[in-house]
2 protein chains.
Amino acid sequence: MEFPAPTPRPPYYAVIFTSRRTTNDALGYAVMAQCMLELAATQPGFLGIESVRDADGQGITVSYWQTLESIHAWGSHAEHRVAQAAGKAKWYEMFQTRSCRVEHQSYFQREGRDHGHAAD
Amino acid sequence: MEFPAPTPRPPYYAVIFTSRRTTNDALGYAVMAQCMLELAATQPGFLGIESVRDADGQGITVSYWQTLESIHAWGSHAEHRVAQAAGKAKWYEMFQTRSCRVEHQSYFQREGRDHGHAAD
């Protein structure tokens, strides 16, 4: 996944997923997380995703979407629902999900290379 | 800083700061980053902040604010402007800043402990 995600001119939508992992089942989690990233990227309205987790198990994943409808559709996708249930059952100590409308963006890149990122 | 940040019932605002560090000046960066976290927390309208960086230097920091005006005021704060200039001069390979209106949130915590996090 490209980082930062190359998103279009606002407005568009973002889901901020802030989480703390349990220490359970690292391999199962890693496989499911990668699978969900790849599945999300095939969904209608998907624009991009950025995901970072530190050594303490704290993570922030932000996914970007064209519409609120595309967010809702992904949230209720059958395979994603299975992953969500497993996340609550074993992988996450806690998480917070926030849905947002992105109003403004700006981009900086060292050396002024062409980057294909839209300003607002 | 509490993680995830305990935010009030929406609507409120978020700034998603996605960045990749250079390998320059790790100590100077760490001191300035901590200083800016503490200074942000004293600003009018500040609600909370979440920051994660992985071993590859990719980071996502999300700060939460009551209003767009409080975001603009922090963006133009004199000491923050000095930090921003240093960030472009030496600390960041690239970054993307996105300002958003948070419309909806939900929270999960294992074992149902009281957490003080508002649903929407």
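Trainee: What makes strand 4 of chain A and strand 4 of chain B a pair?

Mentor: Two strands pair if DSSP finds at least two bridges between them. In this predicted model, strand 4 of chain A, residues 92–109, and strand 4 of chain B are joined over 15 bridges. That meets the cut-off, so they count as paired. The sense is antiparallel. As one example, A:F108 stands opposite B:F95.

Trainee: How do you know that the two copies are related as by a two-fold rotation axis?

Mentor: The turn is 180°, the shift along the axis is 0.0 Å, and the RMSD is 0.0 Å. The two copies are thus related as by a two-fold rotation axis. The same surface serves both: 100% of the contact residues of chain B recur in chain A.

Trainee: What makes up the side of chain B that touches chain A?

Mentor: A contact needs C-beta atoms within 7 Å. By that rule, 36 residues come from chain B and 36 residues from chain A. Strand 1 (12–21), strand 2 (46–53), strand 3 (58–65) and strand 4 (92–109) of chain B each supply at least two residues. Strand 4 of chain B gives the most, with 18 residues. By type, the side of chain B divides into 15 nonpolar, 11 polar and 10 charged residues.

Trainee: Why is strand 3 of chain B called largely enclosed?

Mentor: A residue is buried if 20 or more other C-beta atoms lie within 10 Å of its own. In strand 3 of chain B, 7 of the 8 residues are buried, so the rest of the structure largely encloses this strand.

Trainee: Which strands of chain B pair with strand 3 of chain B?

Mentor: Strand 1 of chain B joins strand 3 of chain B through 8 bridges, antiparallel. There, B:V15 stands opposite B:S63. Strand 2 of chain B also pairs with strand 3 of chain B in the antiparallel sense, over 7 bridges. B:R53 stands opposite B:G59. The hairpin of strands 2 and 3 of chain B has 4 residues between the strands, and B:G57 takes a positive phi near 90° in this hairpin.

Trainee: How do you know that the radius of gyration of chain A agrees with a compact globule?

Mentor: With 120 residues, a compact globule would have a value near 14 Å; chain A has 15 Å, which agrees. The C-alpha trace of chain A spans about 45 × 35 × 20 Å along its principal axes.

Trainee: What is the order of elements in chain A?

Mentor: From the N terminus, β-α-β-β-α-α-β. That comes to 3 helices and 4 strands.

Note on methods: Residues numbered from 1 in each chain as written. Chains lettered and ligands numbered in written order. Predicted model: local features only at pLDDT ≥ 70, side-chain atom pairs only at ≥ 80, totals over all residues. Least-squares fit on C-alpha atoms with pLDDT ≥ 70 in both. Contact = placed C-beta atoms within 7 Å. Nonpolar A, V, L, I, M, F, W, Y, C, P; charged D, E, K, R; others polar. Buried ≥ 20, exposed ≤ 12 C-beta atoms within 10 Å, placed from the backbone. Rg over C-alpha atoms; globule rule 2.2 N^0.38 Å.
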